[in-house]
Amino acid sequence: MIITDVEAIIVKQHSEIEMIGDGSQDTVVILVHTEDGITGVAEVDSSPYGVKAVIEMPSSHMVCRGLREIVVGEDAFETEKIWRKMYEMSLYHGRRGLVIHAMSGIDMAIWDAVGKKLSLPVSKLLGGTYRDKIQAYCSVLMPETEKEIHELVERHMQKGYKGMKLGWGALGQSFEKDLKLVKWAREALGDDKYLMIDVGMKWTDVKGAVKTAKAMEEYGVHWIEEPFAPDDLDAYARLAAATSIHIAGGEEVGTIHEYLQLLDKGCVDIVQPDLSRCGGLTVARKLADICERRRVTVVPHAFKTHLLMAATMQYIASLPDAWYVEFCEQDTVLRRELTSTMFQVDVDGFVDIPQAPGFGIELDYEALERYRVR
């Protein structure tokens, strides 16, 4: 199944982009076309314009090449070979960051195409399907006030969720404010629901972070996510050693090299690969084995549209041990319209994992054209 073309299509909501932690306001959709007439589909949670440039750029020389030129002509079944070729032929401008993000999108779309060709869900290609549904947690931005928190919790938790993650937004202004927000969130949720807090990399003082985390233990916080910038490994390790709360992170990390650094230093109890930034499924499946041996839990990050969520659920289905899927509840037009398939939480807080070929989700091509940036 030879790859004939790769497209990177930027889509954006018609209203102005807000400078908040919500990546579902725009996205870049990756289409990998094959000579068999099969198209693999994925999306990347990164700079849409940067990803498009990395894919479409003309080559300069043998290790500074555009990703489209690298993969066209390759056999889509050779996922590992294609990944290595992309990595080795982008050494000058790649190795981490944006190029790995673009590689992730292409890699996922290739896996989707292979699943469609074989009429199998991607989970089976990854080694087996352990589950056909997964418990979801509600993922939203943290409001500013107690009233807003209570209204947000009431609106979403009635859908069946057993847990909620509140992140970014009002968090990170001060340790005192963070503690107050957590107190309000716990009061709104009650004692029988999981509460996760995503600091959004805003903490900088390790001793202040340790003191705040210890105070948050009183409110039964299940995990503290991305308390520090991703390169601040020593701060992660010191906080993880000092609190009984799980420390989570890894959505900003790419390639096995960076994950090994995160794990070797004891930085996290929960690893959160974003399939569209870690290197795609080719990297994520290796990470799963590493985490299993080290008894570290994998809970992927997926705060985007249903395209990324579908790929993430196929990955989750293939994990021997899986806790949750992140269910982005930001109400944006792309989340509502970009796919004809829409995931729903049932009364027990679970989401069904697609069993259809590939990622099991259908892109709405009319919506793709309606919101396409030209």
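1. Helix α11 gives the most to the lining of the second largest pocket, with 5 residues; helices (H or I, at least four residues) and strands (E, at least two) are DSSP runs, numbered from the N terminus. This pocket has a volume of about 340 Å³, and of the 18 residues that line it, Ala288, Asp289, Glu292, Leu319 and Pro320 are the closest to its centre. Both α11 (281-294) and β10 (297-298) supply at least two residues of the lining. A pocket is an open set of points on a 1 Å grid over the protein atoms alone, with protein on both sides within 12 Å along at least five of seven lines, whereas a cavity is a set of points where a 1.4 Å probe fits but cannot get out; lining residues have an atom within 4 Å of a point. Grid points are joined across faces, edges and corners, and a volume is the space filled by probe spheres set on the points.

2. The model is predicted, so that local features need pLDDT of at least 70 and side-chain atom pairs count only at pLDDT 80 or more, while totals for chains, interfaces and linings use all residues. Residues are numbered from 1 along each chain as its sequence is written, and side-chain values use heavy atoms, with hydrogens and water left out.

3. By class, the lining of the second largest pocket divides into 9 nonpolar, 4 polar and 5 charged residues, where Ala, Val, Leu, Ile, Met, Phe, Trp, Tyr, Cys and Pro count as nonpolar, Asp, Glu, Lys and Arg as charged, and the others, Gly among them, as polar. The lining of the largest pocket has 8 nonpolar, 7 polar and 11 charged residues.

4. The largest pocket holds about 440 Å³ of space, and of its 26 lining residues the closest to the centre are Gly21, Asp22, Gly23, Asp45 and Trp168. Strands β4 (133-141) and β5 (163-167) each supply at least two residues of this lining, with β4 giving the most, namely 3 residues.

5. Glutamine 330 lies in the loop between β11 and α13 (333-337), and with a relative accessible area of 14% this residue is buried; buried means under 20% relative accessible area, exposed over 50%, and partly exposed in between (1.4 Å probe, protein chains only). Leaving aside residues up to four places away in sequence, glutamine 330 touches Asp22, Ser24, Ser139, Val140, Leu141, Phe303 and Arg335, a contact being heavy atoms within 4.5 Å. Among these partners, Asp22 is also listed with the residues closest to the centre of the largest pocket, and Arg335 also lines the second largest cavity.

6. The count comes to 2 cavities of 30 Å³ or more. The largest cavity has a volume of about 40 Å³, and its lining consists of Glu226, Pro230, Tyr236, Gly249, Gly250, Glu251, Glu252, Val253 and Leu262, which by class are 4 nonpolar, 2 polar and 3 charged residues.

7. In helix α9 (residues 233-242), Leu233, Ala235, Tyr236, Ala237, Leu239 and Ala240 are buried, and what covers them includes α8 (206-216), β8 (246-249) and α10 (255-264). Tyr236 is also one of the residues that line the largest cavity.

8. Valine 221 is found in strand β7 (residues 221-225) and, at 7% relative accessibility, counts as buried. Not counting residues up to four places away in sequence, valine 221 touches Val182, Leu195, Ile197, Met216 and Ile245. Valine 221 and aspartate 269 are 48 residues apart in sequence and 14 Å apart in space, C-alpha to C-alpha.

9. As to the overall form, the protein has 14 helices and 12 strands, and its C-alpha trace spans about 60 × 40 × 40 Å along the principal axes. With 374 residues, a compact globule would have a radius of gyration near 21 Å, and the 20 Å of this protein agrees with that; the radius is taken over C-alpha atoms, and the globule rule is 2.2 Å times the number of residues to the power 0.38. Of the 374 residues, 59% count as buried, and residues 24 or more positions apart account for 73% of the contacts with a separation of 6 or more.
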